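Hello,

Here is the structure I promised to pass on to you. Have a look at it first, and then read on for what came out of it.

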Amino acid sequence: MHFMSKCAISRRLFAENYDDFTVHIFTDASAYAYAACAFLRCEFKGQVTVKLMAAKARLAPMKKSTIPRLELLGATLGARLAETVDSILRTTSKTYFWCDSMVVLSWIKKKSHGTHSLEIE
């Protein structure tokens, strides 16, 4: 228990000075739940810091669903989380979305074709 007095958790999100920052949204799902988390990546003079800003998780619906469908729900949760983060930061930042489901990435790319610009690598 005496080690707890040496434990410190910084609540500061931004470094005092920064050259650039980006937001990274990660999403994932399993048969039981889906989730999204947002990280802020700041650069200052070659030093990079990454901090968790927010995370959301939901239990999978009681009605059985496929993993790609749950991954899509995770991606939707990530998009909503990105909107919340953008409204809190009140600044234009480059946002990257990370998803490990090729099926979901193809669905997103297919739906967005011709409606919005979306880069999927």
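**What was found**

The chain exposes about 9500 Å², of which carbon and sulfur atoms supply 58%; accessible areas come from the Shrake-Rupley method with a 1.4 Å probe, and for residues only the protein chains shown count as cover. Please keep in mind that this is a predicted model, where local features need pLDDT of at least 70, side-chain atom pairs count only at pLDDT 80 or more, and totals for chains, interfaces and linings use all residues. Residues are numbered from 1 along each chain as its sequence is written, and side-chain values use heavy atoms, with hydrogens and water left out.

**The fold**

There are 2 helices and 4 strands in the chain, running β-β-β-α-β-α from the N terminus on. Helices (H or I, at least four residues) and strands (E, at least two) are DSSP runs, numbered from the N terminus. Of the 121 residues, 24% count as buried, that is, under 20% relative accessible area; exposed means over 50%, and partly exposed lies in between (1.4 Å probe, protein chains only).

The 4 strands form an open sheet in the order E3-E2-E1-E4, with mixed pairing; two strands pair if DSSP finds at least two bridges between them. Strand E3 (47-59) and strand E4 (94-99) are the edge strands, each pairing on one side only. E1 and E4 run parallel and are joined by 6 bridges, and His24 stands opposite Tyr96 in E4. Helix H1 (residues 67-89) packs on the sheet and touches E1, strand E2 (33-44), E3 and E4, where contact means heavy atoms within 4.5 Å.

Phe26 is in strand E1 (residues 20-29). Because its relative accessibility is 35%, Phe26 counts as partly exposed. Together with Tyr96 and Trp98, Phe26 makes a nonpolar surface patch of about 290 Å².

Leaving aside neighbours within four places in sequence, Asp28 is in contact with Tyr34, Ala35, Glu71 and Asp100. The C-alpha atoms of Asp28 and Cys99 are separated by 6.5 Å, with the two residues 71 apart along the chain.

Best wishes

Notes:
Patch = residues over 30% accessible without salt bridge, like charges linked within 9 Å, V, L, I, M, F, W, Y side chains within 5 Å. Salt bridge = Lys/Arg side-chain N within 4 Å of Asp/Glu carboxyl O. Axes fitted to C-alpha atoms, helices over the stretch in contact; angles between N-to-C directions.
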